[in-house]
Amino acid sequence: MAAQNLVQHAFMSHKIGLRAQHLGLHKAICVLMGWNSSVPCDAITCVPEILPDEEAFAQKEDLMLWPPLVVIHNISMSNNNPEQQKVIPIEGVEAFLRGKGLVGGKIKVCLGKPADQSVMLVKFLGTFTGLGNAEKLHKYFAEKKHGREEFEHNTSNNINNSNSLEEETQGGQLEEHLLYGYLGIAEDLDRLDFNTKKRILIKSKKEIQELANAPVKTDDKSLNKIADDKY
């Protein structure tokens, strides 16, 4: 009830100079609670509407980290038996990704949080091309059933025991079996190291894609402005 009251206050507040911040708070709480964050502009008040699980998760996925990055987990590091943990260094992760043709151009691989080699971040440029490359890597893990859902399922149910891990790593590259990954979203902020977190923004993936697909203006005024900016 207190959260509902806070959402209503954030939506209805028209305090000068703080309207955008209040609407941002309204959206953040709705996404966190699984409520519909879309409210008609002419609405006088806001009554939180609970979304179905699928829609609630889609709403969470829309709030992506920018510049785009992919969070990678070494699932063996979640094993309680140190003898079953298999460390894969940053250089090994980058070499594996490039060898598979999964990343191209400028990227940076660094440790996430905790800094025990269990979480690594693959950071891309904040461009449409960078986003496309990040989505390509995200899709690779999803198609191999090594995405967010599978990682959370395996670790929460303690499926990653020593026997299953040993069976899974028989044959093929170690990285291919142990690495799980997904596109970073707002709820992954706690996976980021301090330096990455202080430089990261949260943006709507839908709005970025709409901007990418928007028609290019070619009127004379636009062309003249481009020329003026260039010279």
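1. The largest pocket holds about 770 Å³ of space. Of the 27 residues that line this pocket, K27, A28, V31, S37 and L63 are the closest to its centre. (On a 1 Å grid over the protein atoms alone, a pocket is an open set of points where a 1.4 Å probe fits, with protein on both sides within 12 Å along at least five of seven lines, and lining residues have an atom within 4 Å of a point.)

2. This is a predicted model, in which local features need pLDDT of at least 70 and side-chain atom pairs count only at pLDDT 80 or more, while totals for chains, interfaces and linings use all residues. Residues are numbered from 1 along each chain as its sequence is written, and side-chain values use heavy atoms, with hydrogens and water left out.

3. Helix 2 (19–33), helix 3 (53–62), strand 6 (201–204) and helix 10 (205–213) each give two or more residues to the lining of the largest pocket, and the largest share, 7 residues, comes from helix 2. (Helices, H or I of at least four residues, and strands, E of at least two, are DSSP runs.)

4. The axes of helix 2 and helix 3 come within 9 Å and cross at roughly 135°.

5. The mean pLDDT of the protein chain (the predictor's confidence in each residue, from 0 to 100) is 85, and 86% of its residues reach 70 or more. Among the elements, helix 11 (residues 220–230) has the lowest mean pLDDT, 50. Where pLDDT is low, the predicted coordinates should not be read in detail.

Notes
Points joined across faces, edges and corners; volume = space filled by probe spheres on them. Axes fitted to C-alpha atoms, helices over the stretch in contact; angles between N-to-C directions.
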